[in-house]
Amino acid sequence: MSQVIIVGAGPAGATLALLLVKRGIRVTLIEAARNFRRTFRGEGLMPSGLDALAQMELLPIIERIPHQPLDAWEIIINKRSLFRVDEPIEPNGQPCTLVSQPALLEALMDAASNYPHFEFVQGTAVQDLLWNQRVSGVKLSDGRSFDADLVIGTDGRNSIVRQRANLALEQQSHSFDILWFKLADSPRLPSENIFYSIVCDRYAFGLFRGSEGDLHLGWTLPKDFSQDWQQVDNWAEIFASASPAWLAEHFRESAATIERPVLLSVVVGRCPQWYQPGVLLLGDAAHPMSPIRAQGINMALRDAIAAANYLVPCLTQGDPAKIDAALPQVQSQREPEIIKAQRLQSQEAAQAELLENSAFLRWGASVLAPLIRIPVKLSWLHRQRELRQGVTPIKLTV
């Protein structure tokens, strides 16, 4: 039976490890971080991600950890509501659900640890790949080495596996910075969990109630922002100045609870090739996604299913040639959806940027909201379908 090393215990790595060990494959999962409680981890599970978890028989885990369905989306321009869409968007569909990713990953590790042929190495980074005509394992920063029939890199947008395998990442032109904040919730806010997209003047941010009950705020850092964001001490007033009165009041009352922001430099791209003999990239290691509509975690879960479908049969046989032959098949199945999802994200970002850069458009959207609400809402709904449900069907077959 083959030995697989997975580098990176995010959603793709953790779920793929569990899929493989359940099917008798020996897996060593290596994670550089000492715990899963880093400051920012995406929480949004779209229907496509929930479907992937259902196919992997993992939905019961969601019920046991902090999670919260989204009740609605609302777009607010110049302090006036443009439109609102209730969840679930699809008839008889599933609502977008916010889930504590650290709790999810911890639960997945607990499930995988029940298998004697699973090993979890946490708190030590991979330093390099081992080569013997093909990739044959990894070397850790503490000097240890692990041999493998296949190394799978699920170690994120700054993937060390990608770098050491000499696999190029082609960045897309549209990149931007987001400041990510957390702050206290308030009974003044609606009990519904609404994802607010707010644009006023040159400021734009998203606000929602996270899976563990606090508020999350993602603020797009304007390219011409006149201040050093690390020196700003009046974030509450900045947010309030762009918000309708009821929300502005909450920001001012909760100013002391606003945590220091985390800078997320959004880099979007794809590797033209996700593999070399003995190594495969998945998730953000192969195709870093924009945070728009939470595609990162959802695409990662779907990557894990596609990889399991192709890899389990050849890993069971233990033939390196068959393992290497399966790697391009994984990319061939997943790449069309990734390309389309990134294109849809780019379209969403371009529309948002146009609105942010045009005072006339913001004025028109706000003043003419009663007249344009329905057609704008229908256009928005049309763009969301594939970002929510996925572009290509993914079915677990092994």
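One caution before we go: what you're looking at is a predicted model.

Okay, let's begin with the core. The largest nonpolar core has 77 residues, and Val138 and Leu311 are the ones with the most contacts inside it. Which helix gives this core its largest share? That's H8, residues 295-317, with eleven residues. There's also a second, separate core, this one of 29 residues, and Phe205, Trp219, Ile238 and Phe251 are among them.

Setting aside neighbours within four places in sequence, valine 138 touches, among others, Ile5, Val7, Ile30, Phe146 and Val151.

Next up, helix H4, residues 101-112. Is H4 largely enclosed or largely open? Nine of its twelve residues are buried, so the rest of the structure largely encloses it. The buried ones include Gln101, Pro102, Leu104, Leu105 and Met109. And what covers them? Among the elements doing that are helix H1, strand E2, helix H3, strands E7 and E8, and H8. We can check the helix's length too: at 1.5 Å a residue, H4 should span 16 Å, and its end C-alpha atoms are 16 Å apart, so that agrees.

The C-alpha atoms of isoleucine 61 and alanine 103 are 9.3 Å apart, while along the chain the two are separated by 42 residues.

Let me pick out a few. Arginine 388 pairs with glutamate 87, with the closest N and O atoms 2.7 Å apart. That one links distant parts of the chain: arginine 388 is in helix H11, glutamate 87 is in the loop between E6 and E7, and they're 301 residues apart. Both partners are buried, arginine 388 at 2% relative accessibility and glutamate 87 at 12%.

Then there's aspartate 324 with arginine 134, again with 2.7 Å between the closest N and O atoms. Aspartate 324 is in helix H9 and arginine 134 in strand E10, so this pair ties together parts 190 residues apart in sequence. Arginine 134 is buried as well, at 15%.

For contrast, look at arginine 144 and aspartate 142, whose closest N and O atoms are 2.9 Å apart. Here arginine 144 is partly exposed at 38%, and aspartate 142 is partly exposed at 41%. Salt bridges with shared partners also join Arg302, Asp303, Arg334 and Glu337 into one network.

Last stop, the surface. A nonpolar patch there is formed by Leu354, Phe360, Leu361, Trp363, Val367, Leu368 and Leu371, with about 740 Å² of accessible area together. Helix H10, residues 359-367, supplies the largest share, four residues. Valine 367 is in that helix, and at 37% relative accessibility it counts as partly exposed. But H10 has buried residues too: Arg362, Gly364, Ala365 and Ser366. Those pack against strands E5, E6 and E15 and helices H9 and H11.

Terms used: Residues numbered from 1 in each chain as written. Predicted model: local features only at pLDDT ≥ 70, side-chain atom pairs only at ≥ 80, totals over all residues. Heavy atoms only, no water. Patch = residues over 30% accessible without salt bridge, like charges linked within 9 Å, V, L, I, M, F, W, Y side chains within 5 Å. Areas by Shrake-Rupley, 256 points an atom, 1.4 Å probe, with all protein chains shown as cover. Salt bridge = Lys/Arg side-chain N within 4 Å of Asp/Glu carboxyl O. Helix = DSSP H or I, 4+ residues; strand = E, 2+ residues; numbered from the N terminus. Buried < 20%, exposed > 50% of the residue type's maximum accessible area, 1.4 Å probe, protein only. Core = buried A, V, L, I, M, F, W, Y, C linked by side-chain atoms within 4.5 Å. Contact = heavy atoms within 4.5 Å. Expected span 1.5 Å × (residues − 1).
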